[in-house]
Amino acid sequence: MIYLNNAATTVIKPEGVKTAPPASADMAKAMVAQFLGVKSRENVMLTQGGAQAMELALRGFIKKGDHVIATAWEHDTTWAVLEELEKAGVQVSCIGVNPYGGLRYEEIEPLIQENTRAIVCAHGCAVTGNIADLEQVGGLARRHKLLLIADGCQAVGATSVNVESLGADVYCFTAHKKIMGPYGVGGLCLKEGLRPEWEAGLEAAGLLGRLTEIEPSEEKLGQLCAALAFIKEKGIYGISIFPHRLAKRFFESVSSMDAVKVYGDFGTGSRIPTVSIAVEGFTSTQVKEHMAKKYGIVVKDGFHGAARMHQALRIEAEGLCRFSFGYFNTRRDVNDTIWALMDLLGLDDLYLLA
């Protein structure tokens with residue numbers, strides 16, 4: 001099997017992760033704080049996933065009468081919370097994307113109002129692999145005294161992250177994607193001094209008591225610590241650069257195929273190793289099934305939890321086929337996948353191989 005669905009979850013974990021000894025919450029928080037550049041482990045809160053972390057961030061800081069600016073990149077679960085808050089009296093605006101799927105940063109400032117409370121911005125786009133310029137967004141937020149709430153679920157482990165340097169007030173993460181840790185573990189990192197305000201917001205929303213209920217088991221926290229220790233040993237550059245090179249090889253080949261349209265901005269130096277395509281004459285599901293049934297290659301079809309992003313890109317109802325590379329993929333995996341796509345299209349051009 002060739003597994004290219006790492007943007008959804010990693011299947012192959014580093015040796016020792018699944019058999020790691022249990023770890024305490026304090027130990028896990030300390031390792032997360034060091035890994036993500038958070039000043040104190042007291043500013044790290046553990047949850048059962050990234051979606052839950054984002055929900056707690058939004059519900060803790062956003063109240064009736066506030067205005068929020070979000071992006072088309074946000075995950076459907078984030079938009080579900082925002083839509084629920086909207087029904088409760090919160091105003092929500094959305095910034096769009098350019099033809100390459102990059103965020104239209106110039107749309108943010110004109111949307112700011114007197115009651116604007118926060119900018120919500122995914123650090124990495126699950127559809128196109130683009131990475132947001134959080135330093136730019138964070139600078140804008142600081143000038144207008146707004147919060148920046150960032151979803152780092154796609155970015156953490158795929159690129160170097162320092163929460164303090166990025167200027168995020170809240171940064172959420174999950175363990176089971178590019179960190180290569182267990183499913184069911186995530187968390188949020190708060191800027192120094194924000195915890196009391198966040199907890200007061202949760203208490204007002206009747207959610208403060210949930211914090212002790214949703215903390216992951218020590219078994220899962222031990223697996224998270226083992227995954228973080230593996231990345232620390234290899235170095236984040238060593239962990240991230242090889243999947244990026246594989247994704248670039250794949251992109252360069254498939255973008256040369258006349259029947260394939262690739263989505264995303266590949267002119268930027270900073271990306272996550274994700275490539276989404278549309279193949280003329282085939283739905284994303286047909287491409288996925290061809291890859292799986294004939295070649296044993298696992299990819300993802302559909303909307304990838306980002307329906308608004310597909311709407312912004314004006315992509316037809318069936319969505320895109322996504323190829324997302326991980327640390328344990330190989331150059332052979334890339335060539336086999338390109339060959340499988342060539343077979344689907346009836347191509348016989350060896351120059352297309354990486």
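A polar contact is a pair of N or O atoms within 3.5 Å, where one must be able to donate a hydrogen and the other to accept it. Keep that idea in mind as we walk through this structure, which is a predicted model.

Let's start with glutamine 154, which sits in the loop between β6 (147-151) and α6 (163-166). A polar atom of its side chain lies 2.9 Å from the backbone oxygen of alanine 7, so this pair falls within the 3.5 Å limit for a polar contact. Is glutamine 154 buried or exposed? A residue is called buried when its relative accessible area is under 20%, and glutamine 154 has 8% relative accessibility, so it counts as buried. If we set aside neighbours within four places in sequence, glutamine 154 is in contact with Ala7, Gly124, Ala126, Lys177, Lys178 and Ile272.

Next, find threonine 274 in strand β10, which covers residues 274-279. Its relative accessibility is 0%, and therefore threonine 274 counts as buried. Leaving out neighbours within four places in sequence, the contacts of threonine 274 include Ala7, Ala126 and Lys178. Ala247 is also one of the contacts of threonine 274. Along the chain, threonine 274 and alanine 247 are 27 residues apart, yet their C-alpha atoms are separated by 6.5 Å.

Now turn to helix α2, residues 50-61. How far apart are its end C-alpha atoms? They are 17 Å apart, which agrees with the 16 Å that 12 residues should span at 1.5 Å a residue. The helix is mostly covered, with 10 of its 12 residues buried. Among them are Met54, Leu56, Leu58 and Phe61. An α-helix has 3.6 residues a turn, so residues three or four places apart point the same way.

Glutamine 52 is part of this helix. It is buried because its relative accessible area is 17%, which is under the 20% cut-off. The side chain of glutamine 52 reaches the backbone nitrogen of glutamine 48 at 2.8 Å. Not counting residues up to four places away in sequence, glutamine 52 touches Thr47, Arg210 and Ile214.

Rolling a probe the size of a water molecule over the atoms shows where empty space is left. About 490 Å³ of space lies in the largest pocket. Its lining has 29 residues, and Ala51, His75, Cys153, His176 and Lys177 lie nearest its centre. Which element gives the largest share? The answer is α2, with three residues. Sorted by class, the lining has 11 nonpolar, 13 polar and five charged residues.

Finally, let's look at two loop residues with a particular backbone angle. Most residues other than glycine have a negative phi. Lysine 145, in the loop between α5 (134-143) and β6, has a positive phi, near 55 degrees. Arginine 314, in the loop between α12 (307-312) and β12 (321-324), also has a positive phi near 55 degrees. Are these residues buried or exposed? Exposed means over 50% relative accessible area. At 76% relative accessibility, lysine 145 counts as exposed, and arginine 314 is exposed too, with a relative accessible area of 78%.

Technical notes
Residues are numbered from 1 along each chain as its sequence is written. This is a predicted model: local features need pLDDT of at least 70, side-chain atom pairs count only at pLDDT 80 or more; totals for chains, interfaces and linings use all residues. Side-chain values use heavy atoms; hydrogens and water are left out. Helices (H or I, at least four residues) and strands (E, at least two) are DSSP runs, numbered from the N terminus. The expected span of a helix is 1.5 Å times one less than its number of residues. Buried means under 20% relative accessible area, exposed over 50%, partly exposed in between (1.4 Å probe, protein chains only). On a 1 Å grid over the protein atoms alone, a cavity is a set of points where a 1.4 Å probe fits but cannot get out, and a pocket is an open set with protein on both sides within 12 Å along at least five of seven lines; lining residues have an atom within 4 Å of a point. Grid points are joined across faces, edges and corners, and a volume is the space filled by probe spheres set on the points. Ala, Val, Leu, Ile, Met, Phe, Trp, Tyr, Cys and Pro count as nonpolar, Asp, Glu, Lys and Arg as charged, and the others, Gly among them, as polar. Contact means heavy atoms within 4.5 Å.
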